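Subject: Structure handover

Hello,

Here is the structure I said I would pass on. My notes on it follow below.

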Amino acid sequence: MTYTARVVVLDIEGTTSAAGFVQGDLYDYARPRLRPWIIAHADDPAIASAVADTRAEGGLSDDADVDAVVAVLHGWMDSDVKATPLKTIQGQLWAAGFAAGELRSHFFEDVVPKLREWHERGLRLVSFSSGSIASQVPWYRHADAGDLTPLIEDYFDTVKAGSKREATSYEKIASALGVAGGDALFLTDLPAELDAARAAGWQVIGVRREGEPNYTADFGDHPVVATFDEVDVVPA
């Protein structure tokens, strides 16, 4: 498939990287560290806000203790709920783990060569994930293939852009990047995100990877590929 675009926007989980790595290795790393991290960083405005939001969204009282907050966070992790306060705390934990050399990110073998090819062609590469920006940056920095952050121009999460299932989020990203919707190409494994991006006038490609959670999803009339090797992007 050949596309003409100025910007290629990439989902992470299930698209560039295995969902099992995020929901397995990274979640396992974060789970026992949530409570001590919250306590140690209680004065951090981002953590304080995330804890308050967890109480509110989790149906807790305003004075609910840390154990109650952590129980809500663990429940969200068990159900893979894309809750912003959880993503904020996880992002800080994972960033620290990557910086300490305790974590390494995962990319499918077809992804990195394509990212480098597209970057060399002059295409602008952007990350848009439900994971916080604080976790996206070290994810690209600590890849087995080396530091990939020089390839990525910008990062967006649900705080910066909005829900990945709302067209307005993609309109906001296009505006921030200074491009028309038709000049942006979005790759993701979630049909609902493809619907939202297309509603904003974007070009879209569904990524159906064998073994990933959305392999059997109904992508409707969206174009679908199994790997990035099937995608050729020409700069507009």
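The largest pocket holds about 480 Å³ of space. A pocket here is an open set of points on a 1 Å grid over the protein atoms alone, where a 1.4 Å probe fits, with protein on both sides within 12 Å along at least five of seven lines; lining residues have an atom within 4 Å of a point. The volume is the space filled by probe spheres set on the points.

This is a predicted model, in which local features need pLDDT of at least 70 and side-chain atom pairs pLDDT 80 or more, while totals for chains, interfaces and linings use all residues. Residues are numbered from 1 along each chain, and side-chain values use heavy atoms, without hydrogens or water.

Of the 29 lining residues, E13, K82, S129, S130 and G131 lie nearest the centre of the pocket. Two or more residues each come from α1 (19-30), α5 (84-99) and α7 (133-141); helices are DSSP runs of H or I, at least four residues, and strands runs of E, at least two.

Helix α8 (residues 167-177) has S169, Y170, I173, A174 and L177 buried, meaning under 20% relative accessible area with a 1.4 Å probe, protein chains only, whereas exposed means over 50%. These buried residues line one face of α8, because they fall within an arc of 135° seen down its axis, taken from the directions from the helix axis to the C-beta atoms. On the other side, T168, S175 and A176 are exposed. After α8 comes G178, with a positive phi near 70°.

Regards
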